[in-house]
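Visitor: I have a structure to look over with you. Can you walk me through it?

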Amino acid sequence: MSKSPQKAIDASRVVGRVAMESAQAIAQINQKATEEFAELIQKRVAELMKAQDPKTAFDFVHAEVLQDAAKEVAHYHQQLLDVLRSGNKEMADIAEVMIQDSKMDLIHFVNDATNNAPAGSEAYVSVFKTSFNNALQNFELVRAAMADSFSHFEKSVESMTSLTTAQGASKKKS
């Protein structure tokens, strides 16, 4: 098997592993959050049942339950963001390596082809090299677009998390 297809296969395996690890981490976070939420609800319901009058119950729910829930949601979102950020970085690194490898393979291919060109084909070689240089510029555009895409994804996840955290903080103040 040649070098490039094997690299692509290896990269695909790594991408699959990263995706699987991220999914497993998110599943574990969800399971833990569910268990903690169930425990918290049981504890809060037991405490709520001890309240003698509706005002005490309302004050308890407002002061304790809602604040704890906001903290738990913020913590949950931060854990998810950490998993997504880690997987996103690893995927971006893999894509960057694949692009650079492809670029190097093309450079070697062009150099081999042009060095072995028959005499009298200089004009064709010149056109070919110009086209190739344009292709290299397109590689750089693809790489930059890919990097921007990963960056924007991470920023949008961070924005959602900060929005949720800010909403939780404003509810606490109310």
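Guide: Here is a short tour, from confidence to fold to surface.

Visitor: Where do these coordinates come from?

Guide: This is a predicted model, where local features need pLDDT of at least 70, side-chain atom pairs count only at pLDDT 80 or more, and totals for chains, interfaces and linings use all residues. Residues are numbered from 1 along each chain as its sequence is written, and side-chain values use heavy atoms, with hydrogens and water left out.

Visitor: What is the mean pLDDT of the protein?

Guide: The mean is 78, and 86% of the residues reach 70 or more. pLDDT is the predictor's confidence in each residue, from 0 to 100.

Visitor: Which element has the lowest mean pLDDT, and which the highest?

Guide: Helix α3 (residues 122-173) has the lowest, at 74. Helix α1 has the highest, at 82. Where pLDDT is low, the predicted coordinates should not be read in detail.

Visitor: How many helices and strands?

Guide: Three helices and zero strands. Along the sequence the pattern is α-α-α. Helices (H or I, at least four residues) and strands (E, at least two) are DSSP runs, numbered from the N terminus.

Visitor: What share of the residues is buried?

Guide: 17% of the 174 residues count as buried. Buried means under 20% relative accessible area, exposed over 50%, and partly exposed in between, with a 1.4 Å probe and protein chains only.

Visitor: And what about contacts between residues at least 6 apart in sequence?

Guide: Of those, 79% join residues at least 24 apart. A contact means heavy atoms within 4.5 Å.

Visitor: Now charges. How many salt bridges?

Guide: Five. The cut-off is a side-chain nitrogen of Lys or Arg within 4 Å of a carboxyl oxygen of Asp or Glu.

Visitor: What does Lys 7 pair with?

Guide: Asp 101, with the closest N and O atoms 3.7 Å apart. Lys 7 lies in helix α1 (residues 3-49) and Asp 101 in helix α2 (residues 54-115), so the pair ties together parts that are 94 residues apart in sequence.

Visitor: Which residue does Arg 13 bridge to?

Guide: Asp 10, again by a salt bridge, with closest N and O atoms 3.7 Å apart. Arg 13 and Asp 10 are three residues apart in helix α1, so about one helical turn separates them. Arg 13 is exposed at 57%, while Asp 10 is partly exposed at 34%.

Visitor: What about Lys 32 and Glu 36?

Guide: Their side chains meet in a salt bridge, 3.8 Å from N to O. Both sit in helix α1, four residues apart, about one turn of the helix. Lys 32 is partly exposed at 43%, as is Glu 36 at 31%. Elsewhere, salt bridges with shared partners join Arg 17, Glu 21 and Glu 90 into one network.

Visitor: Switching to the surface. How much of it belongs to carbon and sulfur atoms?

Guide: 62% of an accessible surface of about 12100 Å². Areas come from the Shrake-Rupley method with a 1.4 Å probe; for residues, only the protein chains shown count as cover.

Visitor: Which residues form the nonpolar patch?

Guide: Phe 37, Ile 41, Val 45 and Met 49, with about 420 Å² of accessible area together. Patches are made of residues with over 30% relative accessible area and no salt bridge; like charges are joined within 9 Å, nonpolar side chains (Val, Leu, Ile, Met, Phe, Trp, Tyr) within 5 Å.

Visitor: Where is Val 45?

Guide: In helix α1. Val 45 is partly exposed, at 44% relative accessibility.
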